[in-house]
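Okay, thanks for coming, everyone.

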Amino acid sequence: MTPSPSAEPDVPDVPDPPGSRAVRVDVILPCLDEAAALPWVLERVPDDWRAVVVDNGSTDGSPDIARALGATVVREPQRGFGAACHAGLTASDADIVCFCDCDASLDPGLLRPFVRSVKDGAADLVVGRRRPQGRGAWPPHARAGNLALARMLRRRTGVRLHDLGPMRAARREELLGLDLTDRRSGYPLQMVVRAADAGWRIEERDVPYLPRAGKSKVTGTWLGTWHAVRDMRAVLAEAPQATPAGPARRASGGAA
């Protein structure tokens, strides 16, 4: 399977047809001590979407800051990127869910064309391909690990992605149907693997990737990167799951 191209330039959303129900969108933001980044991130979440900040054990007041800025706050005591992402997914009641890092490296507003592709039935899962902007945006060791994993993903599934980054969008109910089990760094990769096994149409879109606020808990060190690669290699070693068939194809339009 090859991801569909992403050459379409970004354009403003087209209003939903009269009489149709507006598609509800949640942006899930896993958060661990991101007090410095939260104002920038939440300011960029589109006004008609809900920001769901999943606190994963912050000690810097992040939950209070997020709540004061209008976000819905979910607490997830189990540490791990996957645990936080999945807690947000299960807490959501939206039609479409997006995932985005909460460290100011990615602009949530860039998710609009992702959501449009899913809403219009052009793709089932849209994944952001990070394009580093400025020095220090993506450490060489993290980039090398990501490239190796992308190649392993291609061998395992045939999906030709360039990046396994955290920015993505899909329909909530269908994501839940993938029965994702990883609760650590392998969660984003497991999502792609199981989506591919289920015959989903996967699209990749370029997104600017900025230097993050603060130090990364995962890719900021060689050890953190090694743990992430280990988690993802374990996902790739899993036997194909008996996942549901690909999502039902929908006609374009606003109705969910």
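So, to start: which element gives the largest share of the positive patch? That's helix H5, residues 140-157, which supplies three residues. Keep in mind that what we're looking at is a predicted model. The patch sits on the surface and gathers Arg 151, Arg 154, Arg 155, Arg 160 and Arg 233. Arg 160 lies in the loop between H5 and strand S6, 168-171. Its relative accessibility is 42%, so Arg 160 counts as partly exposed.

Next, aromatics. Searching the whole structure turns up one aromatic pair. The partners are Phe 99 and Tyr 187, with ring centres 6.5 Å apart; the planes are at 65°, and since over 60 counts as edge-to-face, that's what we call this pair. It ties together distant parts of the chain: Phe 99 belongs to strand S4, residues 96-99, while Tyr 187 belongs to helix H7, residues 187-197, and the two are 88 residues apart. Both Phe 99 and Tyr 187 are buried.

Asp 33 isn't a glycine, yet it has a positive phi of about 55°. You'll find Asp 33 in the loop between strand S1, 25-31, and helix H1, 38-43. Asp 179 also isn't a glycine, and its phi is positive, about 55°. That one is in the loop between helix H6, 172-176, and H7.

Are these two aspartates buried or exposed? Asp 33 has a relative accessible area of 31%, so it's partly exposed. Asp 179, at 51% relative accessibility, counts as exposed, with the cut-off being over 50%.

How values were computed:
Residues are numbered from 1 along each chain as its sequence is written. This is a predicted model: local features need pLDDT of at least 70, side-chain atom pairs count only at pLDDT 80 or more; totals for chains, interfaces and linings use all residues. Side-chain values use heavy atoms; hydrogens and water are left out. Patches are made of residues with over 30% relative accessible area and no salt bridge: like charges are joined within 9 Å, nonpolar side chains (Val, Leu, Ile, Met, Phe, Trp, Tyr) within 5 Å. Accessible areas come from the Shrake-Rupley method with a 1.4 Å probe; for residues, only the protein chains shown count as cover. A salt bridge is a side-chain nitrogen of Lys or Arg within 4 Å of a carboxyl oxygen of Asp or Glu. Lys and Arg count as positive and Asp and Glu as negative; His and the chain ends are not counted. The place of a charge is taken as NZ of Lys, CZ of Arg, CG of Asp or CD of Glu. Helices (H or I, at least four residues) and strands (E, at least two) are DSSP runs, numbered from the N terminus. Buried means under 20% relative accessible area, exposed over 50%, partly exposed in between (1.4 Å probe, protein chains only). Rings of Phe, Tyr and Trp (its six-membered ring) pair if their centres lie within 6.5 Å; planes under 30 degrees apart count as stacked, over 60 as edge-to-face and the rest as tilted.
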